[in-house]
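Please read this briefing with the sequence and the model side by side. It goes topic by topic.

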Amino acid sequence: MVGGAGAFGSRLVAGLAATTDLRVIVAGRDVAKAEAVARTVPDGRGRAVRLDATEVSAGELLALGATIVVDAAGPFQGGAPVLARAAIEAGLPYLDLADGRDFVAAFPALDAAARANGVVALTGASSTPALSNAALDALTAGWRTIETVRVAIVPGNRAPRGLSVMQAILSYAGQPVRVLRAGTWQNRPGWGLLSRIAVPGLGRRFASLCETPDLDILPARFPTLRTALFRAGLELPLLHLGLSLASLPVRWRLLPSLVPLARPFLAIAGWLDRFGSDRGGMSVEVLGTDATGRPVRAVWS
């Protein structure tokens with residue numbers, strides 16, 4: 001489990017420890033953090049190792065004695081699939097939690113090597129694009145056309161967040177994001193298209209445009225699609241609107257990116273942890289026509 005000490009990786013380790021008898025290798029650049037998580041795996045089934053996913057080789061993975069490689073490290077935005085290539089070369093199945101649009105879009109280039117080595121390599125096993133598309137398929141079984149898809153994720157303010165998550169958000173805040181709206185491809189600013197959305201059980205929250213793999217995958221999967229939007233929201237209006245304001249210098253090209261400010265942003269979010277709740281949600285809304293050609297709308301949350 002590369003990134004096994006992070007916000008998402010540590011939860012995956014806990015899940016494996018609780019539901020399987022597998023031995024779990026917690027890998028990352030910070031060995032102390034990896035060791036702390038490895039100690040939570042009962043019966044001595046946890047082990048910590050230092051591993052840099054941006055430089056790892058097939059030989060290193062084989063030396064670890066791993067049978068499957070899971071990448072939960074991130075941020076995937078702007079990254080190269082070094083770990084995936086190493087796993088394929090080593091003949092090891094690979095799975096990642098990538099939500100980076102560019103990372104997922106480039107992943108099919110690894111298909112030939114994976115097939116030649118007889119291994120499975122999967123990307124995007126995350127809220128986007130895996131869960132969003134699974135919900136969409138369940139909602140639209142038997143439909144004739146799919147015309148509009150709107151996906152939203154609104155985590156609670158007390159949800160665990162790490163540096164990689166913050167870097168991922170800031171990587172597109174204020175940057176041009178290519179999005180399909182009303183049948184045409186447009187560039188809109190990341191963390192723009194501000195709106196108030198209703199999520200069942202949570203009420204209304206602010207949400208803004210995110211750069212995710214769904215923005216490419218949905219139009220490719222559904223030729224009749226005219227609009228595909230993916231938004232995310234922070235529970236506290238102060239944080240959500242504050243990030244909107246902070247993204248303006250990037251929109252105006254006064255700053256190249258907010259990524260260098262990830263640590264200060266993370267600290268500010270940490271100071272406000274005691275506010276808000278731990279209740280978050282996700283919704284997938286789709287409009288189209290059913291098997292008889294009648295207009296239909298469905299929502300999963």
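The axes of α7 and α9 come within 10 Å of each other and cross at roughly 35 degrees. Axes here are lines fitted to C-alpha atoms, for helices over the stretch in contact, and angles run from 0 to 180 degrees between N-to-C directions. Helices (H or I, at least four residues) and strands (E, at least two) are DSSP runs, numbered from the N terminus. This is a predicted model, in which local features need pLDDT of at least 70 and side-chain atom pairs count only at pLDDT 80 or more, while totals for chains, interfaces and linings use all residues. Residues are numbered from 1 along each chain as its sequence is written, and side-chain values use heavy atoms, with hydrogens and water left out.

**The α7 and α9 pair**

- On the α7 side, T128, P129, S132, N133, L136 and D137 meet D214, I217, L218 and R221 of α9; contact means heavy atoms within 4.5 Å.

**The nonpolar cores**

- A nonpolar core is a set of buried Ala, Val, Leu, Ile, Met, Phe, Trp, Tyr and Cys residues joined through side-chain atoms within 4.5 Å. Buried means under 20% relative accessible area, exposed over 50%, and partly exposed in between (1.4 Å probe, protein chains only).
- The largest nonpolar core has 33 residues, and those touching the most other members are L136, I146, V149, W191, L218, L225 and V286.
- At least two residues of this core come from each of several elements, including α7 (127–139), β6 (145–154), α9 (214–221) and β12 (281–289). β11 gives the most to this core, with four residues.
- L136 is in contact with V149, L218, F222, V284 and V286, leaving aside its neighbours within four places in sequence.
- Another core, of 26 residues, lies apart from it, and V56, L83, I88 and A90 are among its members.

**The six-stranded sheet**

- Six strands form an open sheet with mixed pairing, in the order β9-β10-β11-β6-β12-β13. Two strands pair if DSSP finds at least two bridges between them.
- β9 (195–199) and β13 (295–300) are the edge strands, each pairing on one side only.
- From one strand to the next, the twist averages 30 degrees.
- Nine bridges join β6 and β12, which pair in the antiparallel sense. V154 has G281 in β12 as its bridge partner.
- α7 packs on this sheet and touches β6, β11, β12 and β13; the direction of α7 makes about 45 degrees with that of β12.

- A parallel open sheet has three strands in the order β3-β4-β5. β3 and β5 stand at its edges with a single partner strand each, so one side of each has no neighbour in the sheet.
- β3 and β4 pair over three bridges in the parallel sense, and V70 stands opposite L95 in β4.
- Helix α4 (residues 82–90) has L83, A84, A86, A87, I88 and A90 buried. These buried residues pack against α3 (58–64), β3 (69–71), β4 (94–96), α6 (111–117) and β5 (121–122).
- After α4 comes G91, with a positive phi near 75 degrees.

- In strand β1 (residues 24–28), five of its five residues are buried.
- In a regular strand, side chains alternate between the two faces of the sheet. V24, V26 and G28 lie on one side of β1 and I25 and A27 on the other, and all are buried.
- β1 and strand β2 (residues 46–50) run parallel and are joined by five bridges; V26 stands opposite A48 in β2.
- From β1 the chain crosses through helix α2 (residues 31–38) to β2, in a right-handed β-α-β crossover (with the strands pointing away from the viewer, the path from the first strand over the helix to the second runs clockwise).

**Two loop residues**

- S277 is in the loop between α12 and β12. S277 counts as buried because its relative accessibility is 19%.
- Beyond its neighbours within four places in sequence, S277 is in contact with G156, N157, R158, R205 and E235.
- A141 sits in the loop between α7 and β6 and is exposed, with a relative accessible area of 60%.
- A141 and E55 are 86 residues apart in sequence and 43 Å apart in space, C-alpha to C-alpha.
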